[in-house]
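Let's take a walk through this protein together, one region at a time.

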Amino acid sequence: MTEAPPLTPDFDVWPVGRRPVSATVAGSDVVVTWEDGIASRFDFWWLIDNSPMPEHVNRTTREPTLDLSALPDDFHATAATVEAGGGLYVTWSHGVSASRYHPGWLAAHAYDAPAGGGFDADDRPRPVTWDAAAMAEPPSFDGSRILEDDAALEAWLTAVAVYGFGRLRGVPVEPGTVERVARRIGTVRETNFGRVFDVRSKVDPDSNAYTALELTPHVDLPTREYQPGLQILHCLENSASGGEAMMVDGFRLAEHLAAEEPGTYRILSTERFTFQNRAKTSDYRWLSPVIVLDPATGSPTEVRIAGFLRGPLALPAERVAPAYRALRRVFALSRDPRFRIAYGYRPGDLVLFDNRRLLHGRAAFDPAAGARWLQGIYLERDELHSCLRILRRRRRLAAGTD
Ligand SMILES: [Fe+2]
């Protein structure tokens, strides 16, 4: 046994808090007892699956190289001890090389110990729903140094994870900035509207977005199997009269319907509605409930509400009228001032929002009375959560560990 601290199977840092004092093999587990007397079980398969050793993990990528299915059914630990430095040392049957586990990593990942704490497989901030009574303006942040300032980025992205949106003010008013900001977060999702799309009136528009028409509250691209998780809109110019922007929390609408109108909620969360675009050069379609529920929790994971991006309903005859009643009801609620906030765009404003949760819209504007130019871009929610984790990890690394 070497005295070097054990490796971890990742690139993160795991400060040692509780130290293990003893370890033993019991049944199909290694049982580790910590200095506070609490015991944690670790299943043999779980331990070998998370072994950080070079024989089991590619140390360059930290991805496992061990094929679990290649091990025999009676694979097991033959012995377990705690090293002087607190590492867990486990020897294995069938000639598999021994594993050493970092005590900080092991404590943080102890899955059956109370307050084992540290690692949360689902660490996404919990959404807090809002309506007009709870929110008057988008949560707003100084965006003048967003391209350099990690603390500002973290605060802004956290607000988006919790409330579904966040606004930066004072972002440089320069075409293309929206992509530079997006790349601070992660990889861009390109679509048929381009990598960066310009929201302003066009001569031969392929979307109502590119006209001066009112846009009722909607999500973008529900016509896709996977609608973009995030959207950014950056205002470069706004001297037109009208065109006020609005936002609605789709999760709040779902909450309201579940509590007050369960029949409507059931239809919207179970019937498959038709979403379709009608452009000259593309024909995207997807069938989905309007309110999509997480099968594990039953909570909404996304909403698909867009009056102008739907195709003909294709349901059994007796279910068409109830489906339309439910659809009209959710459209009406999405326009109800109780659920909607309205705000103006100033040049330099940049709004990031969860396109699978929030509905956005705008009032009609008069293009003859001035110009209105927004640039937009899409990303996925994954990019936001990964970025937040890396920002937190950088802070931990900067704080230093043992
Ligand atoms: Fe839109």
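Which polar contact joins the side chains of S51 and S99? The two side chains are joined by a polar contact of 2.9 Å, where a polar contact is a pair of N or O atoms within 3.5 Å; within protein, one must be able to donate a hydrogen and the other to accept it, and residues adjacent in sequence count only if both atoms are side-chain atoms. Before going further, please note that this is a predicted model, in which local features need pLDDT of at least 70 and side-chain atom pairs count only at pLDDT 80 or more, while totals for chains, interfaces and linings use all residues. Residues are numbered from 1 along each chain as its sequence is written, and side-chain values use heavy atoms, with hydrogens and water left out.

Let's stay with S51 for a moment. S51 sits in the loop between α1 (44–49) and β4 (57–58); helices (H or I, at least four residues) and strands (E, at least two) are DSSP runs, numbered from the N terminus. With a relative accessible area of 1%, S51 counts as buried, a word that means under 20% relative accessible area, with exposed meaning over 50% and partly exposed in between (1.4 Å probe, protein chains only). Leaving out residues up to four places away in sequence, S51 touches H56, V57, S99 and Y101; contact here means heavy atoms within 4.5 Å. The C-alpha atoms of S51 and V90 are separated by 9.8 Å, although these residues are 39 residues apart along the chain.

S99 leads us on to a sheet. Three strands form an open sheet in the order β6-β7-β8, with antiparallel pairing; two strands pair if DSSP finds at least two bridges between them. Strands β6 (77–82) and β8 (99–101) each have a single partner strand, so one side of each is left without a neighbour in the sheet. Neighbouring strands of this sheet are turned by 20° against each other on average, direction ignored. Five bridges pair β6 with β7 (residues 88–92), and A79 has T91 as its bridge partner in β7. In the loop between β7 and β8 you will find H94, whose phi is near 60°, a positive value in a residue other than glycine. H94 is partly exposed, at a relative accessible area of 46%.

R62 is another residue with a positive phi, of about 65°, although it is not a glycine. Look for R62 in the loop between β4 and β5 (63–64); at 22% relative accessibility, R62 counts as partly exposed.

Now turn to another open sheet, whose three strands follow the order β1-β2-β3 with antiparallel pairing. At its edges stand β1 (20–26) and β3 (39–43), each with a single partner strand, so one side of each has no neighbour in the sheet. The twist averages 25° from one strand to the next. Six bridges join β1 to β2 (residues 29–34), and V25 finds its bridge partner in V30 of β2.

How do the helices α6 and α7 cross, and at roughly what angle? The axes of α6 (residues 262–270) and α7 come within 9 Å and cross at roughly 105°; axes are lines fitted to C-alpha atoms, for helices over the stretch in contact, and angles run from 0 to 180 degrees between N-to-C directions. The two helices are therefore roughly perpendicular, since angles of 65 to 115 degrees count as such, while those under 35 degrees count as roughly parallel, over 145 as roughly antiparallel and the rest as oblique. T264, I267 and L268 in α6 meet a set of α7 residues, among them P322, A326 and V330.

Helix α7 (residues 317–334) also holds S334, which is buried at a relative accessible area of 2%. A polar atom of the S334 side chain lies 2.7 Å from the backbone oxygen of F331. Beyond its neighbours within four places in sequence, S334 is in contact with P217, V248, L253 and L359.

Our last stop is the metal. The iron ion is coordinated by H218 (NE2), D220 (OD) and H360 (NE2), at 2.2 Å. Donors are N, O and S atoms within 2.8 Å of the metal (3.2 Å for Na, K and Ca); water is not among the atoms, so sites may look incomplete. In sequence, the donor residues are spaced H-x1-D-x139-H, and both H218 and D220 are buried.
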